[in-house]
Amino acid sequence: MPPTRGIQNALKSTIRATRQQIRQPEGPKAPTRGVCTCSVIPTPSKTHQAEVRPFVHQQKLPTRVVPQKRCASTSTTELKHTPLYAVHKEAGAKTGPFAGYDMPLEYPDQSHPESHRWTRENASLFDVSHMVQHKLSGPLAEEFLMTITPSSINTLQKHHSSLSCLLEESGGIIGDTVITRLGRESFYFVTNAGCRETDLAFIKAQMKKFLEAKGISKSNKDENIKWHVLNCHSLVALQGPKAQEVLQKLIFNDTEEQTYSPDLSTLSFGESRWLQFTLPDGMNTPSLLISRTGYTGEDGFEISIPPENGDSTNLATAISKAMVDDGSVVRWAGLAARDSLRLEAGMCLYGHDISTETTPPMAALGWIVGKDRRSESAAPVFNGQKTILQQLTSPKSMTERRVGFLVEKGPAAREGAQIVDPDKDNEVIGRITSGCPAPSMDGQNIAMGLIKNGYHKSGTKVGIKVRKSVRKAEVSRMPFIPSKFYRPDNKDKDQKEMKNNTEK
Amino acid sequence: MASRCAEDVHDETSLYDEFATMTTRIMVKKYTEEHEWIEMDEGGKIGTMGITEYAAKALGDVVYVELPEVGMECNKGDTIGAVESVKSASDIMSPVSGKIVESNEALSDKPATINKGPEAEGWFAKIEVQDQSELEGLMSKEEYDAFEKD
């Protein structure tokens, strides 16, 4: 579907968002206050109670029309708030609905392009508490994850993470996720906010099926597999070249007893560590799971913040304020910048660039399929194995593929725009799934889309219909700008991985 | 003459008042529900139009402007161009029917001019108005201010 037409519609969604009634399917509601029924991720054995001061909440961004394939629709109840909502409001953020939450889109100190560039030059802090954090543990947790994803979870090392996809039985992507191994039988993973209800229903149904197939009764379920949705946790993402220096200042260096190194320079992209912060008032936080990862293509960290007495508001607020401080290095950034940053980094937005209509190979994510999972005899069988392995062996069998585009100067190609073959009388050969003028590329128009197999090679010249004209474009590799993932040993690994799998 | 009474004088005055009001009405900026404005020139034939302060703020930094072609004829409500931010594209609709006589070419090089002065130097295009009465259906500044507060 084409983007919203007319300023009137754009204004309705950005300015009047808080008053809109949104739809949402009935389902368990995330408690924002009160006793939390989820269990806190077990922290390292060291006790630190004495030191911890007891601490006394598209789719797509609102200005775009939500396409029909979005996995979450929203309800007639009020918009939800993350625990940091009051902080955003205090900062004067312009908010709007996203995945059933009233989320910050922009802050008054910077325009969208300014905030985007600030992230790549300094550091920005994003509240991503609307995303769903999960804990999965037990002797069968690993095997279960290997049936619903094509990843080599069995070889995933402790405190390492991997981008993965939850797959439905056809091989189509239900949701993308990052899975971290916490221990021999313990995992932490994060799924998209927009997919909350469908993902929870999917995991529940798949788990039931998995256990039944193993002859495990309901009464024995918990011994084998335990799944908790961490509804009371917060999640913030600190992204940008200055992220490490900012975070390092807050890390508590316990010279007496050190389970984990406080030196962030030894924490690489894709790794996690349990660390405490010392806040400006001198008090220490509990251990926090810090992962070197993100959704911007920059170096950065995601910090999972646990609740105390069912509420993570105070801790999340204190940690955020300590990072943003005087705003000279770290500034708050909203979903507007988040979207343009991830697009420049070639990263997908579920419900737009990827959906149940795309398998990982179609989505140029074939690399997530573990190397040792690529034979029909590999066990356990993952959802859609047959289809996916076939696509990996013969890529030409895929009808369409996700690729990037560089579009000529002028109006941007946006979601819903048709891709055409200028040499065949502008016959339609695909559609744009995301697009915008890139703030870090001097306004160069970039886009992502699904294109007919055969047209997918880099450099292929195509046309894109924007309003009344056909814009000149060419298929491009992604990311559009070089990634800055922190890999002191193996810097080029990402670039190679992504490039290798967009061709063929 | 005795017949030249106060009544005649009164009539002249009221005629003058009506004329004055009419002129003021024509030269004052008018607004649409689509957050566009139009301001007629002294001759009353050519109107300068653009997007409002309110709209420009909501859009954010404008990165690209699609201007109408000079000579283009349009009806009230027709799409005559677009303004784009990083996030989205918004159509510009003509507040009146007429013929485009000028486009603000400066916006091609410096689209951000719209953010600096959306109701001044960031004007979008000039139109030769076909039907003056269409202007009367548009909102005054007070009416528009009240409208956008809703």
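## Backbone geometry, helix packing and a pocket

Pro380(A) is located in the loop that links α9 and α10 (385–393) of chain A; helices (H or I, at least four residues) and strands (E, at least two) are DSSP runs, numbered from the N terminus. This is a predicted model, in which local features need pLDDT of at least 70 and side-chain atom pairs count only at pLDDT 80 or more, while totals for chains, interfaces and linings use all residues. Residues are numbered from 1 along each chain as its sequence is written, chains are lettered from A and ligands numbered from 1 in the order in which they are written, and side-chain values use heavy atoms, with hydrogens and water left out.

Most residues other than glycine have a negative phi, and most peptide bonds are trans.

| Peptide bond | Omega |
|---|---|
| Ala379(A) to Pro380(A), cis | near -5° |
| Met478(A) to Pro479(A), cis | near 5° |

Pro479(A) belongs to the loop between β19 (469–476) and α11 (493–500) of chain A. His159(A), a residue other than glycine, has a positive phi near 65°; the loop between α4 (141–148) and β5 (161–167) of chain A contains His159(A).

Two packed helices are described by the angle between their axes and the distance between the axes. Axes are lines fitted to C-alpha atoms, for helices over the stretch in contact, and angles run from 0 to 180 degrees between N-to-C directions. The axes of α4(A) and helix α5 (residues 196–213) of chain A are 11 Å apart, at an angle of about 115°. α4(A) is therefore roughly perpendicular to α5(A) (under 35 degrees is roughly parallel, over 145 roughly antiparallel, 65 to 115 roughly perpendicular and the rest oblique). Their contact (heavy atoms within 4.5 Å) involves Glu143(A), Phe144(A), Thr147(A) and Ile148(A) of α4(A), with Phe202(A), Ile203(A), Gln206(A), Met207(A) and Phe210(A) on the α5(A) side. By class, 6 of these residues are nonpolar, 2 polar and 1 charged; Ala, Val, Leu, Ile, Met, Phe, Trp, Tyr, Cys and Pro count as nonpolar, Asp, Glu, Lys and Arg as charged, and the others, Gly among them, as polar.

For α3(A) and helix α9 (residues 335–344) of chain A, the axes come within 9 Å and cross at roughly 55°, so the two helices are oblique to each other. Among the residues making this contact are His112(A) and Arg120(A) of α3(A) and Ala336(A) and Glu344(A) of α9(A). The contact has 3 nonpolar, 5 polar and 2 charged residues.

β4(B) supplies the largest share, 4 residues. The lining comprises 15 nonpolar, 6 polar and 7 charged residues.
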